[in-house]
Amino acid sequence: MSADAFVRSFRESSPYIHRFRGQTFVISFGGDAIADDSIRTLAHDIALLNSLGINLVLVHGAGPQIDAAMAERGLQSERIAGRRITTAAAMEAVKGAVGAARLAVEAALSQGQMGSPMAGAGLQVVGGNFLMAQPLGILDGVDFQYTGRVRRVAVEALQRHLAADEVVLLSPIGVSPTGTLFNVRAEEVAVATASALGAAKLIFLMDTEGVSNRQGSLLRQLTAAEAAAMLRESDAPYPPSVRQHMESAISACRRGVERVHLISRHVDGALLRELFTREGLGTLISQDPFEHLRRATLADVPGILELIRPLEEGGVLVRRSRERLEMEAERFIVMERDGKIIACAALYPYPEQGMAEMACLAVDGDYRRQGRGERLLTFCEGLARDDGLQQIFVLTTQTAHWFLERGFRQGTLEELPMPRQQLYNMQRRSQVFFRSLT
C-alpha cells in the first residue's frame with residue numbers, strides 16, 4: 001500500500017472509530033479457530049478493538065475439542081437437530097475440552113512480544129459464572145440430559161467488567177441454581193449475551209465468507225425478514241453451518257440487536273475490514289435496511305454538498321450554494337448508508353399545474369450502476385403521487401438517455417410550469433423530459 005493510500009484508508013476509518021468508542025460488541029468464534037491456532041492472529045485485531053475503546057465480549061466454541069476428548073474416552077458423540085446429547089460421562093469430557101480451549105484463547109490474548117501487533121496491549125481477560133443455564137429437557141422423546149439453554153445473563157456483572165476496560169471471555173457452559181453444569185451452544189450464548197447487553201453488534205466468525213445467493217454471489221446485506229424468507233424456501237441451498245448462523249442472526253435481531261455480521265475466519269484482518277470499511281467483508285443482517293431513503297434535514301447539508309460538488313464541477317448539476325441548500329433542505333431526499341449520504345434528489349412540486357420537478361439527482365461514484373438512482377426516482381414519484389400530482393419532469397444536459405430508458409418522453413420548454421420557465425437557464429440549454437404518474 002502506498003503512503004497516500006494508507007493515509008486515505010486510515011482517514012476513512014475515522015468515522016467508525018469515533019462511532020464505535022464506548023459501544024459493546026459480542027464476537028463469537030468456534031473451536032476450529034482454536035484448533036488451527038488462527039486465534040493468535042485474531043487476538044491481534046481484538047487487542048486493537050480494545051485499544052479503540054470498544055467493549056468486547058468474546059464467546060468461544062469447543063466443538064472439535066469436545067469431539068476429540070470424547071473419542072479419547074471411547075464415547076459416542078450423538079447429535080439430534082444439530083444439538084449434542086450430553087450424558088454424564090460426556091459432560092466430563094466437555095468440561096475438560098472447554099477448559100483447555102478457554103486456556104488456549106486466554107494464552108492468545110496474553111501475547112505481548114516486542115515488535116508484535118500486541119506489544120504493550122496488556123489485555124485483561126475475565127470470566128466467571130455469568131451464565132445461568134437450565135436443562136434443555138426432553139424434546140420429541142429425546143432426553144438431552146446435560147445439554148442446556150441459557151436461562152439468564154448476569155448483565156450488571158458483565159457491565160462492571162466492561163466498564164473497567166476488561167475483555168470478557170465466555171465459554172459454552174452454564175450453571176444452574178442447583179450448581180449443575182450444562183453444555184450450551186456457543187451461538188446461543190452469543191445471542192443471549194448480545195441481546196441482554198444491548199450490544200451494538202454481534203459478530204460471528206464462520207468458515208464461509210458469509211451468505212451467498214443461488215448463483216453463488218455473496219450477499220452484502222440482508223434484513224432479518226429477508227433472511228428468514230430465504231430460509232423458508234423449500235430448496236434453500238445453505239449448508240447446516242450457514243443456516244445455523246443465519247438462524248442465530250435472525251434471533252438476535254428479533255431480540256433487539258441491530259446488526260449481526262457473518263464473516264470468514266479465514267481472511268486475515270476480517271474483523272477490521274468488516275468494521276472499518278464501508279463495503280465490509282461478509283454479510284450484514286440487520287433489523288432494518290442497511291441503506292434507507294428519508295427526508296433530508298439541515299444536518300445532512302454537508303453530506304449533500306460533498307456528494308454533489310464533483311457533479312457541479314463537471315457541469316452535470318447546477319451549482320448550489322450552502323445557503324440555498326439549507327433553505328431547501330426539506331425538499332431533498334437522501335439515501336444514507338452507514339451514516340454517509342451516498343445519493344440524493346430534490347423534489348419541487350407545482351401543485352397548480354399538477355406537476356413536480358425532480359432535480360439534483362446524484363449518486364456517489366462508488367455506488368453507481370446498482371439501481372440506487374432508480375430507487376430515488378421511484379421514491380420521488382411516490383411522494384408526488386401522494387400529493388395528487390399527475391406528472392414529474394426533469395431538466396438535464398448529460399443524462400438524457402438514462403431518463404428515456406425509464407419511460408420519460410422528451411418535452412419542450414413551453415410545457416413547463418410558468419414559474420419554472422422563468423427560471424430556465426438558456427446558457428445550459430437543458431433538455432426537458434416528462435413522465436406520467438397516472
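In the predicted model, strand β16 (residues 283-286) directs T283 and I285 to one side and L284 and S286 to the other, and all of these residues are buried (under 20% relative accessible area, with a 1.4 Å probe and protein chains only). In a regular strand, side chains alternate between the two faces of the sheet. Strands, like helices, are DSSP runs numbered from the N terminus (E, at least two residues, for strands; H or I, at least four, for helices). Strand β14 (residues 221-223) runs parallel to β16 and is joined to it by 3 bridges, with L222 having I285 of β16 as its bridge partner. Strand β15 (residues 259-264) runs antiparallel to β16, with 4 bridges between them; here L262 stands opposite T283. Two strands are taken to pair if DSSP finds at least two bridges between them.

Residues are numbered from 1 along each chain as its sequence is written. Local features of this predicted model need pLDDT of at least 70 and side-chain atom pairs count only at pLDDT 80 or more, while totals for chains, interfaces and linings use all residues, and side-chain values use heavy atoms, without hydrogens and water.

Helix α5 (residues 88-109) has 22 residues, which at 1.5 Å a residue should span 32 Å, and its end C-alpha atoms are 32 Å apart, in agreement. The expected span is 1.5 Å times one less than the number of residues. Buried residues of α5 include A90, M91, A97, R102 and L109. Seen down the axis of α5, the buried residues fall within an arc of 165 degrees, so they line one face of the helix; the arc is that of the directions from the helix axis to the C-beta atoms.

The largest pocket has a volume of about 1200 Å³. Of its 40 lining residues, L317, A359, C360, L361 and L395 are the closest to its centre. A pocket is an open set of points on a 1 Å grid over the protein atoms alone, where a 1.4 Å probe fits, with protein on both sides within 12 Å along at least five of seven lines; lining residues have an atom within 4 Å of a point. The volume is the space filled by probe spheres set on the points, which are joined across faces, edges and corners. Strand β20 gives the most to this lining, with 7 residues.

The second largest pocket holds about 840 Å³ of space. It is lined by 31 residues, of which G30, G63, A186, E187 and Q244 are the closest to its centre.

Technical notes: Buried < 20%, exposed > 50% of the residue type's maximum accessible area, 1.4 Å probe, protein only.
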